[in-house]
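Student: Could we go through this model together, taking the core, the strands and the charged pairs in turn?

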Amino acid sequence: TVLFSCHFLEKSMDKQAIKKVLHRLYPDKNDKKVFIVSGAPGSGKSTYVQKTRNADDLVVDMDLIAAALKGTPERHPQYRPVMDAALSAREAIYSTIERRKGEWKTAFVITSSPDASRVAALAKRLNAEIVEMDTQKDECVKRILEDDSRNDAKKDVALVEAWFSRK
């Protein structure tokens, strides 16, 4: 069928149009872009992704995965009860991104890991570009303390301390 279609297209369309149709049938995996958005809690990672993403893009965010598994609309849920399942789900999504499967064009992976080598290893695995949020420590803490959706602001402030002590 594809050979017939290509033959038909060759007679009725120019080469540029043929390339567009073939690309739609067999998209190039290299067309998919992946960004790892890294930063301390409260640095604006989720806000950056929400302002940058398109409707059909993938967003990998442990807060959203945990909330979905718990069946809650909470923006920053407690992970402990669903941590193993959330990690397994995230790994499955990473595998999908790694293979460039699906109709998405861009994937955003949000991480607060203070371990730069882990972030770099993930970027290498996913063939991704790292976007590091450049938000000052005091601003991160202020945002956390003003954010009513955070169930454990004290824990999140401690994570900010860990993030900034890594350097």
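The questions and answers below concern a predicted model.

Student: Which element gives the most residues to the largest nonpolar core?

Tutor: The largest nonpolar core has 16 residues, and V34, I36, I97, V109 and L126 are those with the most contacts inside it. Two or more residues come from each of β1 (33-38), α4 (62-70), α5 (83-99), β3 (106-111) and α6 (116-126). With four residues in this core, the element that gives the most is α6.

Student: Is β3 largely enclosed by the rest of the structure or largely exposed?

Tutor: In a regular strand the side chains alternate between the two faces of the sheet. In β3, T106, F108 and I110 point one way while A107, V109 and T111 point the other way, and all of them are buried. Because six of the six residues of β3 are buried, the strand is largely enclosed by the rest of the structure.

Student: Which residue of β3 does V60 stand opposite?

Tutor: β3 runs parallel to β1, to which six bridges join it, and in that pairing V34 stands opposite A107. Three bridges also join β3 to strand β2 (residues 58-60), again in parallel. In this second pairing, the residue of β3 that stands opposite V60 is V109.

Student: Is D63 buried or exposed?

Tutor: D63 is found in helix α4, and, leaving aside residues up to four places away in sequence, it touches R75, H76, P77 and Y79. The limit for burial is under 20% relative accessible area. Because the relative accessibility of D63 is 14%, this residue counts as buried.

Student: By about how many helical turns are K142 and E146 separated?

Tutor: K142 and E146 form a salt bridge whose closest N and O atoms are 3.9 Å apart. K142 is partly exposed, with a relative accessible area of 43%, whereas E146 counts as exposed at 54%. Because they are four residues apart in helix α7 (residues 137-146), K142 and E146 are separated by about one helical turn.

Terms used. Residues are numbered from 1 along each chain as its sequence is written. This is a predicted model: local features need pLDDT of at least 70, side-chain atom pairs count only at pLDDT 80 or more; totals for chains, interfaces and linings use all residues. Side-chain values use heavy atoms; hydrogens and water are left out. A nonpolar core is a set of buried Ala, Val, Leu, Ile, Met, Phe, Trp, Tyr and Cys residues joined through side-chain atoms within 4.5 Å. Buried means under 20% relative accessible area, exposed over 50%, partly exposed in between (1.4 Å probe, protein chains only). Two strands pair if DSSP finds at least two bridges between them. Contact means heavy atoms within 4.5 Å. A salt bridge is a side-chain nitrogen of Lys or Arg within 4 Å of a carboxyl oxygen of Asp or Glu.
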